[in-house]
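This report is meant for a reader meeting the structure for the first time. It goes from the overall build to charged pairs and then to the strands at the end of the chain.

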Amino acid sequence: MQIKSDADLLSVSAALVDAAIAGFKPPLPLAVAFSGGADSSALLLACHVRWPGQVRAIHVHHGLQSAADGFQQHCEQLCARLGIALKVCAIDAHNVQGQSPEDAARQGRYAALIQAARQPWFDAQGAALDAVCSMALAQHADDQVETLLLALSRGAGVAGLAAMPGHWQRAGLEWFRPLLAVPGQALRDWLRLRDLSWVEDPTNADPGYTRNRIRAQLLPVLEQVFPQFRSTFARSSAHCAQASELLDEQAAADLQMVGLPPAIKALQCLSEARLGNVLRYWLRVAHDTTPTAAQLAQLMAQLGVCTTRGHRIHIKVGRGFVERQGASLGWYNS
């Protein structure tokens with residue numbers, strides 16, 4: 001049996017990136033969220049090779065670490081050398097009370113990407129470019145596994161276990177994660193094969209972040225015990241995504257039946273499972289908030305005993321409060 005050389009293994013690994021981009025069919029022009037790290041560098045450059053002149057880059061400067069200026073400089077130099085239109089967005093990603101640093105950075109990043117994509121684009125000579133139609137993010141198979149494991153650690157339901165979607169619509173754009181089936185190492189191999197450089201975010205080695213501990217300590221063990229864990233975990237997430245979609249369809253039908261705002265008597269006619277499902281859906285869709293398991297259980301218990309005109313409901317849920325308003329439930333932001 002012929003043993004493959006290190007160069008052969010490198011080429012096989014890197015070919016996974018080319019295969020993923022070959023199957024990627026976004027509306028063009030395409031913007032890529034470009035941090036300068038290995039993942040987004042491989043995505044941006046592979047897309048640029050496939051669609052020259054139709055790919056833009058957006059770099060978000062979070063302002064959270066001294067190395068961020070160097071990240072921006074690297075992105076500017078690379079895009080200038082390759083003739084890729086680049087926008088740099090500076091944001092204040094510091095978290096407020098009750099918000100995790102990761103969530104603050106994520107929300108600020110998405111807002112900046114949307115704003116940058118919507119604004120007019122120009123090339124290096126100042127000529128106007130076509131408006132962006134879609135956005136690509138560089139999360140890969142390892143990121144997907146980490147997201148699933150974090151969801152499991154928090155006791156998430158099927159929506160959380162569905163992990164990250166590969167395609168969705170938001171703010172008038174088509175959003176894609178074309179690398180979700182590609183291991184992170186394959187992206188670095190793709191870059192090394194082409195002698196391309198990237199920047200390393202020092203926070204990626206900080207064991208204070210749970211994701212980093214999963215990546216450094218847990219994924220190598222999974223690789224040894226379950227070599228195919230990336231594909232099998234992805235299959236489980238896909239099953240959860242399908243189940244979550246069905247639950248949303250049922251919730252939408254139940255919400256139409258109980259009305260907006262939801263009528264208390266109509267809610268009391270639902271089974272416990274459908275009641276919890278429609279309440280979560282109502283809060284998420286109508287008020288962009290998500291209850292904890294304890295908050296939802298308390299709300300459902302209060303609904304169960306709400307049989308008199310004077311019964312009061314006032315419960316902290318998500319970012320606000322659910323309260324009784326006559327014969328219905330209402331929610332207001334605190």
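Of the 334 residues of the protein, 42% count as buried, and this figure, like every other one here, comes from a predicted model. The accessible surface amounts to about 18000 Å², with 55% of that area belonging to carbon and sulfur atoms. Taken along the principal axes, the C-alpha atoms fill a box of roughly 75 × 55 × 35 Å. The secondary structure consists of twelve helices and eleven strands. When contacts between residues at least 6 apart in sequence are considered, 65% of them join residues that are at least 24 apart.

**Charged side chains**

The protein carries 29 positive and 28 negative side chains, and the centres of these two sets lie 8 Å apart. Side chains of opposite charge can pair when their charged atoms come close. In this protein the count of salt bridges comes to nine, and the table gives three of them, with the distance between nitrogen and oxygen.

| Salt bridge | N to O distance |
|---|---|
| Asp39 and Arg188 | 3.4 Å |
| Arg230 and Asp142 | 2.4 Å |
| Asp248 and Arg284 | 2.7 Å |

In the salt bridge between Asp39 and Arg188, the pair links distant parts of the chain, since Asp39 belongs to helix α2 (residues 38-50) and Arg188 to helix α7 (residues 184-193), 149 residues apart.

Arg230 forms its salt bridge with Asp142, with the closest N and O atoms 2.4 Å apart. Arg230 lies in helix α9 (residues 229-258) and Asp142 in helix α5 (residues 141-153), so this pair ties together parts that are 88 residues apart in sequence. Asp142 has a relative accessible area of 11% and is therefore buried, the cut-off for that class being under 20%. Asp142 and Arg230 also belong, together with Glu223, to a network of salt bridges.

A further salt bridge joins the side chains of Asp248 and Arg284. This pair, too, links distant parts of the chain, with Asp248 in helix α9 and Arg284 in helix α11 (residues 272-287), 36 residues apart. Asp248 counts as partly exposed at 25% relative accessibility, and Arg284 counts as partly exposed at 39%.

His311 is found in the loop between α12 (293-304) and β9 (314-317). Is His311 buried or exposed? With a relative accessibility of 18%, His311 counts as buried, because the cut-off for that class is under 20%. Leaving aside neighbours within four places in sequence, His311 is in contact with Gln302, Val305, Cys306 and Arg324.

Strand β9 runs antiparallel to strand β10 (residues 320-325), and four bridges join the two. Within this pairing, Ile315 has Val322 of β10 as its bridge partner. The hairpin of β9 and β10 has two residues between the strands, and in this hairpin Gly318 takes a positive phi near 60 degrees.

Strand β10 is in turn joined to strand β11 (residues 328-333) by six bridges, and these strands also run antiparallel. Here the bridge partner of Phe321 is Tyr332 in β11. The hairpin of β10 and β11 has two residues between the strands, and Gly326 in this hairpin takes a positive phi near 70 degrees.

Notes
Residues numbered from 1 in each chain as written. Predicted model: local features only at pLDDT ≥ 70, side-chain atom pairs only at ≥ 80, totals over all residues. Heavy atoms only, no water. Buried < 20%, exposed > 50% of the residue type's maximum accessible area, 1.4 Å probe, protein only. Contact = heavy atoms within 4.5 Å. Areas by Shrake-Rupley, 256 points an atom, 1.4 Å probe, with all protein chains shown as cover. Lys, Arg positive; Asp, Glu negative; His and termini not counted. Charge placed at Lys NZ, Arg CZ, Asp CG, Glu CD. Salt bridge = Lys/Arg side-chain N within 4 Å of Asp/Glu carboxyl O. Pairing = 2+ DSSP bridges.
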